[in-house]
Amino acid sequence: MANLFAVAPATIRPPLLSALETAWSQLAEPGAWLTGAERTAVVAEVRHAWNCGLCNERKKALSPYTVAGEHEHLGALPSDWVDVIHRVATDSGRLTQSWLHEVLDAGVAEDEFIEIIGVAILAITIDAFADGIGVEHAALSTPQPGTPPRERLESSTPGPGWVSTTAPENAGPELKEHYLNGRGQFNIVRSLTLVPPAATQLFGLLDCLYMPNPSIRELEGIDRSISRAQMEFLAARSSLLFGCFY
Amino acid sequence: MRLRVSGEHTGNEYDLHSVVVGVTDDSSLPQGDLMNAFAEGVCNRNPTQTEAARKGIVATLGEAAMVDAAAVIAAFNAYPRAADATGIPIEEFKLEPTADLREELALDALPSRH
């Protein structure tokens, strides 16, 4: 288990600390489609993306798709992976379906895409929490050995967005807990379910950072030191800063 | 938007434009200015703004509140990216109840509106 935030200047509630440490450990483990080394390389690349000149130029442009060039990258991953990682990190609000089609047409498997963004987003999230509480980003973990099974989930179907997902009614035991309490009605909960570990790892952390079921009134049974209104302001304002409609 | 829902539950009225423009003076949200500065600092990767807001929240609400605020902001570094990278649309059951709000805040004009 990683020893994250051991020197944090603030006390982190134990369930949250445990979830952060679990998520960080999972980033270096083999996934369903990526090896531990590939997943660790995605984490390194997503941190590198913030200083990419091409991404900075695209961010300033009226449309990021009018600016050509090559990403400044670490050289460990295919260029199409790098483009996915950098765009998701630096300009996610302007991703388009046609861009995704280009990525898939270039040879990135849909399942690989889901795991790549799942790892990138998980790393961004943990780093953002570190930035918030004022500690250094965690050192990269040593990649764990093992071969990902790379098996397509037969129960997946297209949509509701641009990628295939596993609907709650089609979900097997690997997604049973993920879909508890009827939260499969929310499309965001379905978003990464083509690759169940990607979905369960990300939401395992998000459930502790935010809450498992936002449908509850106020903070019934939820132990937080800010009000529900303050939480929802932070949630909505952060989403808007990324240009997110959803 | 769940901020509006929270206000309906508690009887408070929040200025939802504050979410769009980041101005919280009239929103009646306690410590709204600090919350806004904290969200902007982390999401815009501005360590100076983040540090100032962090200190302000600790001073007014305490350390645990600062951690919980950082946790929500971190979570909402994830949800938008997961939604926008996969083209997840808003749920059908949310469309009608949010129509007026989306028009008022011009949310339908966002590029990520799928």
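This is a predicted model: local features need pLDDT of at least 70, side-chain atom pairs count only at pLDDT 80 or more; totals for chains, interfaces and linings use all residues.

Q: Let me begin with chain B: how many helices and strands does chain B have?

A: Helices (H or I, at least four residues) and strands (E, at least two) are DSSP runs, numbered from the N terminus. Chain B has seven helices and zero strands, so its elements, read from the N terminus, run α-α-α-α-α-α-α. The C-alpha trace of chain B spans about 40 × 35 × 20 Å along its principal axes.

Q: What share of the residues in chain B is buried?

A: A residue is buried if 20 or more other C-beta atoms, placed from the backbone, lie within 10 Å of its own, exposed if 12 or fewer, and partly exposed in between. In chain B, 46% of the 114 residues are buried.

Q: Which elements of chain B touch chain A?

A: Two residues are in contact if their C-beta atoms, placed from the backbone, lie within 7 Å. By that rule, 64 residues of chain B are in contact with 60 residues of chain A. On the chain B side, the elements giving two or more residues are α1 (2-10), α2 (17-21), α3 (32-43), α4 (47-61), α5 (63-75) and α6 (79-86). The most comes from α5(B), with 13 residues.

Q: How do the residues on that side of chain B divide by class?

A: Ala, Val, Leu, Ile, Met, Phe, Trp, Tyr, Cys and Pro count as nonpolar, Asp, Glu, Lys and Arg as charged, and the others, Gly among them, as polar. The side of chain B that touches chain A has 36 nonpolar, 17 polar and 11 charged residues.

Q: Now for nonpolar cores: how many residues does the largest one have?

A: In soluble globular proteins, nonpolar side chains tend to be buried together. A nonpolar core here is a set of buried Ala, Val, Leu, Ile, Met, Phe, Trp, Tyr and Cys residues joined through C-beta atoms within 7 Å. The largest has 108 residues, and those with the most contacts inside it are A:Ile85, A:Ala120, A:Leu202, B:Ala69, B:Val72 and B:Ile73. Helix α6 (residues 110-133) of chain A gives the largest share of this core, 15 residues. Leaving out residues up to four places away in sequence, A:Ala120 touches A:Val42, A:Val46, A:Ile85, A:Val88 and A:Ala89.

Q: How do helices α2 and α4 of chain A cross?

A: Axes are lines fitted to C-alpha atoms, for helices over the stretch in contact, and angles run from 0 to 180 degrees between N-to-C directions. The axes of α2 (residues 36-49) and α4 (residues 79-90) of chain A come within 9 Å and cross at roughly 50°. That makes α2(A) oblique to α4(A), since angles under 35 degrees count as roughly parallel, over 145 as roughly antiparallel, 65 to 115 as roughly perpendicular and the rest as oblique. The contact is made by A:Val42, A:Glu45, A:Val46 and A:Ala49 of α2(A) and A:Val82, A:Ile85, A:His86, A:Ala89 and A:Thr90 of α4(A). By class, these residues are six nonpolar, two polar and one charged.

Q: Which backbone angles deserve a look?

A: Most residues other than glycine have a negative phi, and most peptide bonds are trans. The peptide bond from A:Gly159 to A:Pro160 is cis, with omega near 15°, and A:Pro160 sits in the loop between β1 (157-158) and β2 (164-165) of chain A. B:Gln31, in the loop between α2 and α3 of chain B, has a positive phi near 60°. B:Arg45 also has a positive phi, about 55°, and belongs to the loop between α3 and α4 of chain B.

Q: Are B:Gln31 and B:Arg45 buried or partly exposed, and why?

A: B:Gln31 counts as buried because it has 21 C-beta neighbours inside 10 Å. B:Arg45 has 13 inside 10 Å, so B:Arg45 counts as partly exposed.

Technical notes:
Residues are numbered from 1 along each chain as its sequence is written. Chains are lettered from A and ligands numbered from 1 in the order in which they are written.
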